[in-house]
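Got a protein model open and wondering where all the labels come from? Let's take a few of them apart, one at a time.

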Amino acid sequence: MNNLTISFIIPSYNEVDNIANIHMAIKEEMRLLHYNYELLFIDDGSNDGSVETLQRLAFCFPEIKYLSFTRNFGKEAAILAGLEHAAGEAVIMMDADLQHPPSMIHELIKGFEEGYDQVVAKRNRKGDSRLRTFISSTYYKCVNKAIDVNLSDGEGDFRLLSRKAVDALLTLSEGHRFSKGLYSWIGLEQKTVSYENVARENGETKWSFSKLLNYGIDGIISFNNKPLRLCFYMGAFILVASLLYIFITFFQVLKNGITVPGYFTTISAVLFLGGIQLVCLGVIGEYIGRIYLEIKKRPHYLIKQTNIKEREKHEVY
């Protein structure tokens, strides 16, 4: 058996129907690869009996470790907790819903054996609606022009990270994390492997439209200050246009005398300038809000239950 250890980080929220399935699927794949491994489940405040299931499995299978949060802190916090507690020389992050196929594990490990620090699994859009595919591709095209790192459509958290990459991610201490951007920001040698989109078999997706929208906004705000610069440009443009309008109006007054101003011109100017001001205040408010959250220095998560003891953090099976 290879002496290297692979840690699987599996964030889960109300995935009681999938926990045993993904454990058995990974166990079957790892039996063929002959590596030491551990499965680290991060229960993100589930209320469907997931913790009890994890406790029963952990009693029977020593490779299963788990952390249970006091409440739902979100997937970013779960990923960070997994990285902080993973003991392996390489880490594979997977969703608990089996939409990240365990059959790809051997491809990820193969890339690691070739010397890559990041081996990224990229899914296609097979099975997605045309509208969702169009919105997704448009978003990535726009966001890559706006932010300072490069994001690729179809690449997410399903990836292998070397210990070097994990340690690099753990040096980034910001409270409001956007992992897709952080993976790109740390750089390092990267390989991409492709797989077909897999439909969820059990349970329901936890990503509503509003959550996806907020996640998309996080991606734009987290890695650049260009929205603030855009506000400056809009303000400068409106100032120049307003001065030009005032000059033309003043010239017409000198030439034709004072006339009664039109309602349309007045209300249009008020609504337009008011809208621009509100948009700019909203953008500024987003950045101020993030500063407010960062300076609080609150922990990313709180642990309610775990079977990981301090002395066991480097014990794997």
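Q: What share of the contacts between residues at least 6 apart in sequence join residues at least 24 apart?
A: This is a predicted model, and in it the share is 84%. Contact here means heavy atoms within 4.5 Å.

Q: How many helices and strands does the protein have, and how much of the protein counts as buried?
A: There are 10 helices and eight strands. Of the 317 residues, 41% count as buried.

Q: Why is R163 called partly exposed?
A: Its relative accessibility is 24%. Buried would need a value under 20%, and exposed a value over 50%. R163, at 24%, falls in between, so partly exposed is the label.

Q: Where does R163 sit, and which residues does R163 touch?
A: R163 is found in helix 6, which covers residues 163-170. Leaving out residues up to four places away in sequence, R163 touches A86, A87, G88 and E89.

Q: How do you know that the buried residues of helix 2 line one face?
A: Start with the list: in helix 2 (residues 50-60), S50, V51, T53, L54, L57 and A58 are buried. Look down the helix axis and they fall within an arc of 155 degrees, so they line one face. On the other side, R56, F59 and C60 are exposed. A handy rule: an α-helix has 3.6 residues a turn, so residues three or four places apart point the same way.

Q: What do the buried residues of helix 2 pack against?
A: Their partners are helix 1 (19-33), strand 2 (35-43), strand 3 (64-69) and strand 8 (303-306).

Q: How do helix 6 and helix 7 cross, and what makes the contact?
A: The axes of helix 6 and helix 7 (residues 179-186) come within 10 Å and cross at roughly 115 degrees. Helix 6 gives A165, A168 and L169, while helix 7 gives L182, Y183 and I186. Ala, Leu, Tyr and Ile count as nonpolar, so the contact has six nonpolar, no polar and no charged residues.

Conventions
Residues numbered from 1 in each chain as written. Predicted model: local features only at pLDDT ≥ 70, side-chain atom pairs only at ≥ 80, totals over all residues. Heavy atoms only, no water. Helix = DSSP H or I, 4+ residues; strand = E, 2+ residues; numbered from the N terminus. Buried < 20%, exposed > 50% of the residue type's maximum accessible area, 1.4 Å probe, protein only. Arc of directions from axis to C-beta. Axes fitted to C-alpha atoms, helices over the stretch in contact; angles between N-to-C directions.
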